[in-house]
Amino acid sequence: MANYNYDVVVVGTGNAALSAALSAGEDGLKVLMVEKGPKHKRGGNSFFTDGAIRTAYGDKEGLSRIIDSLSESELEKIELPEYTEEDYYGDIMKVTQEKSDPALAGHLSSKSYETILWMKEQGVEFQLNENQYFERDGKKVFWGGLPIKTVNKGIGLVEALFEKAEERGIDIWYESPAVSVEKTDGKISGVHVDSKEHGEVLVECRSVILACGGFEANKEKRAKHLGPQWENAVVRGSEYNTGDGISMALEVGAAKAGQYDGCHAHTTDYNSPRTGDYSKPGDIYKKSSYPLGLIVNVEGERFVDEGLDFRNYTYAKYGKETLKQTDQKAFQIYDSQVRHLLRKEYDLEEATMIKADTVEELAEKMGVAKENFLQTIKGYNEAVQDGDYNPGVKDGKSTKGLDVDKTNWALKFEEGPFYAYPVTCGITFTFGAVKVNERAEALDENGEKIDGLYAAGEMVGDLFHHNYPGGSGLMSGSVFGRTAGDFVKEYLKQPAGI
Ligand SMILES: Cc1cc2nc3c(=O)[nH]c(=O)nc-3n(C[C@H](O)[C@H](O)[C@H](O)COP(=O)(O)OP(=O)(O)OC[C@H]3O[C@@H](n4cnc5c(N)ncnc54)[C@H](O)[C@@H]3O)c2cc1C
């Protein structure tokens with residue numbers, strides 16, 4: 001059997017793994033990355049993202065250091081609320097209902113800005129996030145702490161990092177799933193890889209960085225941890241994130257951490273691929289403009305308050321509610337007053353769209369219980385209250401007296417043509433993973449580190465509970481990946497026997 005020997009093996013090729021490998025490789029360590037999928041399916045969930053990335057940019061000047069292409073005149077036309085480390089930390093704590101480990105949340109928020117500048121040094125380019133502003137008096141008014149995305153979405157991000165990895169001489173084995181981690185005398189000593197090209201081999205190394213995702217693409221584990229209805233969820237990203245890394249870490253003594261019955265999810269086109277289609281990346285199937293319209297199930301009934309809040313605060317929850325409906329199906333419906341306000345995903349040829357001139361015709365084409373549906377629309381229209389409609393703020397224009405009221409942005413559903421978009425729930429990633437500290441070191445049940453074992457990205461447990469502030473999946477991968485690489489360098493400076 002051939003003998004393979006590296007300083008560090010990084011498992012996975014998503015953003016966290018690439019960040020870890022690049023950081024570890026900075027000092028000339030011998031780095032191997034192993035990827036379960038073939039080369040044309042590399043990059044994990046990171047490849048599928050919209051590229052939105054959250055960082056504590058501070059103010060406009062901080063932003064301009066990230067986005068090189070911003071001219072002075074463009075900057076003048078931007079209204080941007082300040083966003084500090086404290087704001088970012090506060091957002092993590094708010095959306096996780098204070099469940100996030102303060103040390104991990106603090107590490108993510110405090111390292112986010114220097115890490116995004118480091119990403120830039122690795123060749124990643126950034127631009128303004130067109131989904132996070134509205135126009136007012138000729139200015140782009142940003143909201144929500146997320147004004148930045150990577151150029152060419154997730155594809156641009158991972159391709160830039162792969163290019164740097166190649167430049168740095170990092171080896172990458174494709175179709176080579178890591179199977180288990182080897183521990184000798186309490187320290188990591190290698191990783192078993194089942195490689196198409198190299199066979200079943202033990203790669204000897206003193207450190208392993210696990211950055212191979214959660215268990216979102218594993219039906220059985222979804223059903224076990226999240227609940228039986230999750231078996232049928234669409235997987236929005238990589239088909240390979242089946243929880244291997246978590247199992248490998250637990251086998252060598254790492255502790256579980258985080259919310260195992262929690263995940264991030266999104267309403268997605270009913271006809272989207274069952275797992276991410278690598279020829280159609282860029283997050284094109286999500287459907288999140290429902291605060292402007294109504295959502296009904298196959299029985300023709302509404303089941304959530306579409307206008308409870310801005311989409312960022314409700315889409316994860318409503319995705320899950322959709323899973324509870326017959327056939328895990330619902331329809332977002334819009335009339336012509338609002339159709340032009342929908343996000344651009346609704347205009348793509350991949351979007352499943354039903355169009356009709358009358359509400360009756362719409363019901364027939366949707367295949368919902370027609371009489372019920374017509375009753376729902378009639379009751380809703382009668383319950384709509386007067387008020388000023390303004391999709392840019394929570395306008396309080398609501399219905400009154402319904403079992404489920406719409407509490408903002410309630411316009412009558414009355415101007416044809418009418419549109420319906422069938423949707424279901426797509427899982428993004430799972431929250432329960434492995435216990436790590438802010439050095440990305442994997443910890444055992446007693447909080448002691450396992451020498452040589454690190455975890456990053458979706459494999460960091462105890463960071464996100466219930467939800468996450470949008471754009472933090474990528475930033476967490478970058479911060480904890482880079483951190484893992486940094487501490488591997490420090491660890492490997494110690495002689496092997498110590
Ligand atoms: C459609 C979609 C849109 C999203 N949009 C955004 C966004 O705009 N902003 C944001 O911040 N987050 C977004 N996210 C979330 C974000 O993608 C993730 O949080 C983040 O990319 C996770 O990075 P990672 O490196 O931990 O995992 P991944 O990028 O998923 O990488 C895991 C890698 O491990 C590999 N692997 C798995 N098992 C093994 C094994 N046994 N051996 C070897 N390799 C293995 C996989 O093939 C994969 O390459 C989105 C996710 C999806 C699915």
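Predicted model: local features only at pLDDT ≥ 70, side-chain atom pairs only at ≥ 80, totals over all residues.
1. Start with the overall layout. The protein is split into two domains: domain 1 covers 4-214 + 431-493, and domain 2 covers 266-426. Their C-alpha centres sit 34 Å apart. Where the domains meet, 17 residues of domain 1 and 15 residues of domain 2 make the contact.

2. Next, have a look at the inside. The largest nonpolar core has 113 residues, and the members touching the most others are Ile116, Val203 and Leu453. Which helix gives the most to this core? That would be H13 (residues 472-493), with nine residues. Both domain 1 (4-214 + 431-493) and domain 2 (266-426) give residues to this core, so the core lies between them. As background, nonpolar side chains tend to be buried together in soluble globular proteins.

3. There is also a second, separate core, made of 20 residues. Among them are Ile333, Ala363, Val368 and Phe373. Keep Ala363 and Phe373 in mind, as they turn up again in point 6.

4. Now zoom in on leucine 453, which you met in the largest core. What does leucine 453 touch, leaving aside its neighbours within four places in sequence? Its contacts are Val181, Ile188, Val208, Leu210, Ala249, Val252, Ala440, Glu441 and Ala442.

5. Is valine 11 buried or exposed? Its relative accessibility is 4%, and the cut-off for buried is under 20%, so valine 11 counts as buried. Not counting residues up to four places away in sequence, valine 11 touches Ala17, Val34, Ala178, Val208, Ile209, Leu210, Ala211 and Cys212. Val208 and Leu210 are also on the contact list of leucine 453.

6. Helices H11 (residues 359-366) and H12 pack against each other, with axes 10 Å apart and an angle of about 135 degrees. H11 and H12 are therefore oblique to each other, and their crossing is right-handed. On the H11 side, the contact uses Val359, Glu360, Leu362, Ala363, Glu364 and Met366. H12 brings Lys370, Phe373, Leu374 and Ile377.

7. The peptide bond running from glycine 416 to proline 417 is cis, and its omega is near -5 degrees. Proline 417 itself sits in the loop between helix H12 (370-383) and strand S20 (418-430).

8. Aspartate 137 has phi near 50 degrees, a positive value in a residue other than glycine. You will find aspartate 137 in the loop between strand S6 (133-136) and strand S7 (139-142). With a relative accessible area of 75%, aspartate 137 is exposed.

9. The other is lysine 153, where phi is near 50 degrees, again a positive value in a residue other than glycine. Where is lysine 153 found? Lysine 153 belongs to helix H7 (residues 153-167). Its relative accessibility is 22%, and lysine 153 counts as partly exposed.

Conventions:
Residues numbered from 1 in each chain as written. Heavy atoms only, no water. Core = buried A, V, L, I, M, F, W, Y, C linked by side-chain atoms within 4.5 Å. Buried < 20%, exposed > 50% of the residue type's maximum accessible area, 1.4 Å probe, protein only. Helix = DSSP H or I, 4+ residues; strand = E, 2+ residues; numbered from the N terminus. Domains from an automatic or database assignment. Contact = heavy atoms within 4.5 Å. Axes fitted to C-alpha atoms, helices over the stretch in contact; angles between N-to-C directions. Parallel < 35°, antiparallel > 145°, perpendicular 65-115°, else oblique. Left-handed = near helix turned anticlockwise from the far one by under 90°.
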